[in-house]
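Thanks for coming. I have one model to go through today, and I'll keep it short. Here it is.

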Amino acid sequence: MTLHRLSLRLRQAVTQARHLHSSRRGQQLEAVAVEPELPKELSFFRTRESDPACHAEVHMGQYYTLSPVHLRTVFPHGLPSRFQLQMKTFNETCVMVRQPALELISHLKKADYSKPAVRYMFYGANGCGKTISLCHALHYCYTQGWLVLHIPDAHLWVKNCKELLPSTFSPSRFDQPIEASHWLRNFKITNEPLLSKLKTTQRYVWTKRESTEEGRTLAELVEQGVARVRTSSDVVGALLKELRLQAGQPMEGRQEGFRLAVAVDGVNALWGRTSLKKEDKSVVAPEELTLIHNLRKMMKNDWCGGAVISSLSQTGSLFKPKDVYLPQELLGEDGFDDMDPFVPVPVSNYSEKESESCYLYYMDRNWLQHPHSRTEEGKKELLFLSNRNPNVLERLCASL
Amino acid sequence: MAAFMTNLLKPWSPRLTLVRWTRYNPYYLEPETSRDAYNKPETELTPEEINERDLKTVRPIKAAVSGVSSSGFNDQLMNKFVNMMMQEGKKILAREIMTETLESIKRKQVEKYHKAGPAAKMEIECNPYAIFHQALENCKPVIGLASIQKGGKFYQVPIPLSDNRRRFLAMKWMITECRDHKHRRTHMCEKLSQELLAAFSSEGNVIKRKHELHKMAEANRAYAHYRWW
């Protein structure tokens, strides 16, 4: 907090010095008084602080704007579809700063990265904001220069697969070339600079004619996976293994190594059931899928120099009843044993301040059009009908 | 007392009543669904309203329809349109289509609003309810045709239409246009939102149909004297 105030004062000094130096336009500037930087809050529900590292308790309940540059690199595929519609309509990307994300960011700031990776898990009822909190934490990791490994929805890998090929590496497993290559393409967009500095530590043979030698950059490895779709699932496995080995190790040009943030939304898909069938109509178990198998290895805390941020999700899950949200129920016994010990972070419905902020934001963006919704009574009705659940409130306000 | 009166008024009532029959005895009164009517203090009521209130304490009241609510978001025209869109009694589906239509209209308009300059912002109408009402107003025909028989032949005679009939025709044309004349694979909410936005700015096939009806009426004005009412 004091650092924040100090930087504010320094910025004031800098702007004053700049005004003193540009004496050619001195007369005009004298008319415009040397005003100090406006306070970081634009209004009750917005804040100008767009750096997640500087978000604090003061900003709770306020919306911060993501810059389009960050958006394109960090979230080529990460944001939920309804949120993307909202981004397109409002012509801006605003995320609310909430307590679970702030808690996670404070944990990430204080953690010791020479110890094994800590696993964090967002849990809560449907539509409470787990995915958005995950994206907020991920934005923080990106601004701190970490390598971001984001699987936007693990449930998409266990259902509706058009092509299921037998794996080239192991005969009992199945490959998903389309999903793997699509993910690799988005991964490359997020992490281009870091990937060109890291090197492979062993030789990988893909087919009789193709192989990647030791010492090639990881960017080339990813290119190989994107270009040769057949072996892309194995490329994903190799990539995860390399990153696991090299996170936290000192690299060329830096004393400490890079930090790895593994973010998985819908972690319970890794240990649930799939809806995929083999040719003889028998059900495919999740461990028989290469992507899931490799991701499970990533979820173990046997590597150092990073963190695993995950969130549960009932909405995309298969064969789970609608009202379960606790980690034990969604992960199942195997999942819970594998993920244990983890740091659970509960996400709940909006508090009064947050729902007030959300209502004001919708009013500001000209989203609430019905005359009754703009009255006090209408607002009370909306908050009552939605029970302050963010998702339900958004759907209600959409048609009003 | 109420039971005695119902016995006198009814000519005949069947022993078994059907469950979804809405034919009430005229003795039953309509329910009052808006909250404002009940929040009015005693002093503001006119003598007729006081009489009505006293009558309601003694007469039986019809059951409220499930499509109507006492919330401020309730819209009569919207309910009528949803009922007309409903097929096979699937009210939930019809209502969902309606909410999705309103959402898509609002999204298109708000997107335009946010991308427009400050001068253009005042012109853009973002309220989907206002657009819906205005679009249906624009689609209502002023004059209609009736088939009247005279001397063995049937003539199309221009006649004035009642308000209900005009509203019905506008809604019916809108729904049939979206169901029949659009691409098969688009969702109904998409089709409806496109057609409503076009009707709002007086373009599109429904407005064309209304104009054609007007032209036919104008062409047949020679037969207007065949109308006897």
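Chain A is divided into domain 1 (113-346) and domain 2 (352-398), with bounds from an automatic or database domain assignment. The centres of these two domains of chain A, taken over C-alpha atoms, are separated by 37 Å.

Some housekeeping. This is a predicted model: local features need pLDDT of at least 70, side-chain atom pairs count only at pLDDT 80 or more, and totals for chains, interfaces and linings use all residues. Residues are numbered from 1 along each chain as its sequence is written, chains are lettered from A and ligands numbered from 1 in the order in which they are written, and side-chain values use heavy atoms, with hydrogens and water left out.

Now the interface. Chain A puts 25 residues into the contact and chain B 18 residues, contact meaning heavy atoms within 4.5 Å. About 1900 Å² is buried between the two chains, 55% of it from carbon and sulfur atoms; that is accessible area (1.4 Å probe) lost on putting the two parts together, summed over both.

How many salt bridges are there between chain B and chain A? The count is 3, taking a side-chain nitrogen of Lys or Arg within 4 Å of a carboxyl oxygen of Asp or Glu. One of them pairs Lys88(A) with Glu111(B), with 3.6 Å between the closest N and O atoms.

On the chain B side, α5 (91-115) and α7 (128-139) each supply at least two of the residues that touch chain A; helices here are DSSP runs (H or I, at least four residues), numbered from the N terminus. α5(B) gives the most, with 10 residues.
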